[in-house]
Amino acid sequence: MGDILALTVEHLMLSAAGVGLALVVGIPLAILITRYRTLAGFTMAVTDVLQTIPSMALLAALMIYLGLGNQTLVVTLMIYSLLPIVRNTYTGITGIDKGLIEAGKGMGMTRWQLLRMVQIPVALPVIMAGIRVAMVTAIGIATLGVLIGGGGLGAPIWRGMQIVDSSMILSGAIPAALIAILCEFGLAKLEKAVTPRGMKASSPAKS
Amino acid sequence: MVKFKNVVKAYENHVAVKNLNLEIPEGELVVLIGPSGCGKTTTLKMVNRLIEPTSGSIFIRDRNVKDLNPVALRREIGYVIQQIGLFPNMTIEQNIDVVPRLLGWPAEKRKRRVYELLEMVGMDPEIYAHRYPNELSGGQQQRIGVLRALAAEPPLILMDEPFGALDPIARESLQDELKNLHSRLNITTIFVTHDMDEALKLADRVVVMNQGEVVQVATPETLLRNPANDFVASFIGKNRLNGDSLQSVVEIMLPDPVTVHPQMGLAEGLALMKRKKVDTVLVVDEQRRLLGSVAVETLDREHKRARTIGEIMNQDPPLTTIRSQASAKEAFDLIIGEKLKYLPVLDENDVLVGLVTRNSMVSALASAVWGDVGE
Amino acid sequence: MLWRLRFGVMWVSDFIDFIRSNLDVAAVATYQHLYLSFGSVLLGMLIAVPLGIWLSDKERLAEKVLAVTGTIQTVPGLAFLGLFLPLLGLGVVPSMTVLFLYSLLPILTNTYTGIRGVNPAVVEAGIGMGMSPRQLLFMVKLPLAFPVIIAGIRIASVYIVSWATLAAFVGGGGLGDPILTGIMTADINFILMGAIPAALLALAAGWILGMVERLATPRGLRG
C-alpha cells in the first residue's frame, strides 16, 4: 500500500515536471508567436505533427538519445504538453477584443504592462484549460514510463500484465485513473476560479 | 376564415394573451400591432400551433385547429419570420419548393411554381433559382422567404415582423410588393409588426394590442380619426410629434443610454466608451437602478489604482436626476439653468429609463417644429 | 535495470535494408493497426452519432452523458487496458473496447453541439412550414451539422490511430508491436518501423477526413 502511495506521488511529480517544463518553454513561445504571426503557423504545424506521433514511439526514440530513466520520460511529457499550452496561450491572447488592447494602449500602458495587466488576465482561463489538458495527457503518457526505465504507476500495471496478476495490475491502474480524473476536476475548478468575474457567463456590459 | 374565441395564453408568472376574441374574414390583411410583450406574436403563433393556448379555441374555416394534426396544419399555412430562416444548405429553388415537396407535388409542377413565383417578384429564375441564400442580399432573402410561404398556395399566411430586420429601402420595397401580391392573390394574411407606419400602409384592418388585450380593431382610416383611447393615440402619435405634444420628459430623452455595471474592468469600460463614442457612462446595477457615473477623464486618471468601474464611480460631482413623470419643461430648465451636460431620467423605483442630453433636447425640438427629421 | 543498452549511429541505408527484409512484419502490423483503428472509430460513430442526435433536445441528460464520456477520456490508456484485463482478457477485444470508448467523446460532443448549433431561426422556419421532426432532422439539421460531425470523427480518428499502438500491451497487435520489440531489444530500426507508419497513418487520416469535411460542407455554407 505504501508502495502504491509512493508510486502515485512519483507519478504526479513526473507529470507535473513535464507540464512545468512545457509551461516554461511554451508560454514565452506562444507570446513570441503572437508578435510574429508568420512564426505562428509554422509552430502550430510542428506541434501538431509532434502530437500525431504515438507517445510510445516518441518515448522509445528519445530513449535512444537520452538513455533510460526519468529524464527521457519528462522530456517526452514536455513535448506532448507543448501543443495544448502553446495553442491555448496563443488563441487566448489573440482572441482578446481589439478594443480592449486599444484601450490599454490609449491609457499609456507599455507592451509589458499590457501583457501583464490585460492580455494574460483575460486569456488566463483559456491558458488554464490548456494546462488541464496537458496535465491529464501527461498523467496518461507517464504510465508508459516503465518501458524506458522510468518510475510511476506504470510499473505495477506493466509487471502485472507480464505475470497476468489482476490485483497487481489494478493496484496501478486504479490510482492512475483516479489521479487523472481528480486532476481534470481540480484543474477545471481552478479554471473557473481564475475567470475574472466580469467575464463569467451572462456577463453584464449591456448598453 | 380565422376566428379566435376566448383565447388565453398564460405563463407561470404572466399572462401573454387575455381572453382574445377576433374574427378575420376571408382575403383580409390584418395587422397586429402593439409594443413588445403585448401578445401579438403569441397570438400569431397560436394559429399554426407553435404555441398552444391555455384555454379558448381558434378556428380556421370552422375547423378547430386543436383537432388538426399540427404538421399537416402548418403545411397549409404560409409562415414568414423576421430572421428569415432560409435553409442555407438548399438552393433558392429548393427553399421555395420545400412545402410542395413535403406535400408530394410532382417535380414538374414544383418547378413551374418556383419559376412563376420568382417571375412574379421580378427575380429572373434562370439567374436566381440555383443560387444559395448567402449569395443574396437581405432584402432578396426575405423576398424568397415570402415566396416560400406562398409556394403551396396556402389559404392563409402568417408573418411575424417579416421586414423588421431589413434596411429602410428594402423594407419599403417589400411592403409595396406584399401589398401588390395581396391585392392580386387575396390570400388571408395575419401580419405582426410594431411599426405603425407599416401597419397603416399595409392593413385592411389594424388590431392594436396592449398587455395581452385587444385595444382597438379598426381600418387605418378610422384608427387615425378616432383612436379608442390615449394609448392608441400615443401609439399612433409616436414619431408624429406636433408643437403641443412635447409634454413629458420621456419625449425628449434618449431611451437607451450607454450603461455599465460596477464590476466591469476599467479597460473594458474604456473600450466600450470608445466604441459608443461617449465620454461619460452611467453605472447601473442588475435591476438597472442608477448607481453613479464615470467620466472618461476619471477613468484615465485612475486606471493605475483601480480595477473596476465600481471603485471609481461617483468621484465626479453628484448627479442631478429627474423623474420620468416630470415635464419636458422641467428638464429644459434644469439643463439650461444648472448648465448640466446630461440628465438621467429615473422612474419611481430609481430605475434608469433614459437620458436627456443637450443633443436629444435639440433634436426633439427640431422634430416638433419641422416634423420628423430623422432620429 | 532490466536492460543494458548501447547505441551506435543509425544509418538511413541500414534502416531501408532492415525494412526491406522485414516488409512482411511491417505489412501485417500496419494492417492490424488499420483494422483496430477503423473498427473502433466505426463502432464509435455507430454509437455516438445517433446518441448525439438523440441527446440534442435533452440538455440536462446530455450534460451528464458528456461528463461521463469526458471522464472516460481522462483515464490513461494503459490504466484502462489494465482495468479491462480481468474482464476481457488479452487480444483484440479489450484493445478495441478501449479505443472505442476513447472515440466516443469527440464524436458525441461534435454531433451534439453541431445539431444544437443549427440556427434557431432556420429550425423555427422548418417547424412553421410543417416539417415533421424526422424531416427537420434529415432535411435541415443533419445537413447543416454534417461538417461539425465529420470534424469530430476526424479528431477521433487521429487520436485513435496514435493510441492504437497501446494494443501491443495486451497482445492486440498493430504497430505498437514493433515499437515494443524495439524498446525491448534497444533496436531503433524496430521502433521506427512502428513509429513512422503510425504517424503517417494519423496524418493521412487527418488529411483525408479534412477533405471529406470540406466536401460535406453544403455549398451555401462555404465562405
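## Hairpins of chain B

Strand 1 and strand 2 of chain B form a hairpin with 4 residues between them; helices (H or I, at least four residues) and strands (E, at least two) are DSSP runs, numbered from the N terminus. In this predicted model, local features need pLDDT of at least 70 and side-chain atom pairs count only at pLDDT 80 or more, while totals for chains, interfaces and linings use all residues. Residues are numbered from 1 along each chain as its sequence is written, and chains are lettered from A and ligands numbered from 1 in the order in which they are written.

Strand 1 (residues 2-10) and strand 2 (residues 15-24) of chain B run antiparallel and are joined by 6 bridges; two strands pair if DSSP finds at least two bridges between them. Another antiparallel pair of chain B consists of strand 15 (residues 342-346) and strand 16 (residues 352-357), with 5 bridges. Val345(B) has Gly354(B) in strand 16 as its bridge partner. The hairpin of strands 15 and 16 of chain B has 5 residues between the strands, and Asp350(B) takes a positive phi near 65° there.

## An open sheet in chain B

Chain B also holds an open sheet of 3 strands in the order 11-12-13, with mixed pairing. Strand 11 (259-260) and strand 13 (290-295) of chain B each have a single partner strand, so one side of each is left without a neighbour in the sheet. Strand 12 (residues 280-284) pairs with strand 13 of chain B in the antiparallel sense over 5 bridges, and Val283(B) stands opposite Gly292(B) in strand 13.

Helix 3 of chain A has 12 residues and reaches 16 Å from its first C-alpha to its last, close to the 16 Å expected at 1.5 Å a residue; the expected span is 1.5 Å times one less than the number of residues. Its buried residues include Ser55(A), Met56(A), Leu58(A) and Met63(A). A residue is buried if 20 or more other C-beta atoms, placed from the backbone, lie within 10 Å of its own. Their cover includes helix 4 (70-94) and helix 6 of chain A, together with helix 8 (176-185) and helix 9 (188-216) of chain C. Just after helix 3 of chain A, Gly67(A) takes a positive phi of about 85°.

Helix 6 (residues 111-142) of chain A spans only 38 Å between its end C-alpha atoms, whereas a straight helix of 32 residues would span 46 Å. A kink of about 55° lies at Leu124(A), shortly before the proline Pro125(A); the bend is the angle between axes fitted to the seven residues ending at a residue and the seven starting there.

## Contacts with chain C

In the contact of chains A and C, 31 residues of chain A meet 31 residues of chain C; two residues are in contact if their C-beta atoms, placed from the backbone, lie within 7 Å. Helix 3 (55-66), helix 6, helix 7 (154-162) and helix 8 (166-193) of chain A each supply at least two residues of the side that touches chain C. Helix 8 of chain A gives the most, with 10 residues.

## Confidence in chain B

The mean pLDDT of chain B is 86, and 94% of its residues reach 70 or more; pLDDT is the predictor's confidence in each residue, from 0 to 100. Over residues 239-244 of chain B, pLDDT stays under 50, and the model has 7 contacts for them beyond four places in sequence.

Methods: A residue is buried if 20 or more other C-beta atoms lie within 10 Å of its own, exposed if 12 or fewer, and partly exposed in between; C-beta atoms are placed from the backbone.
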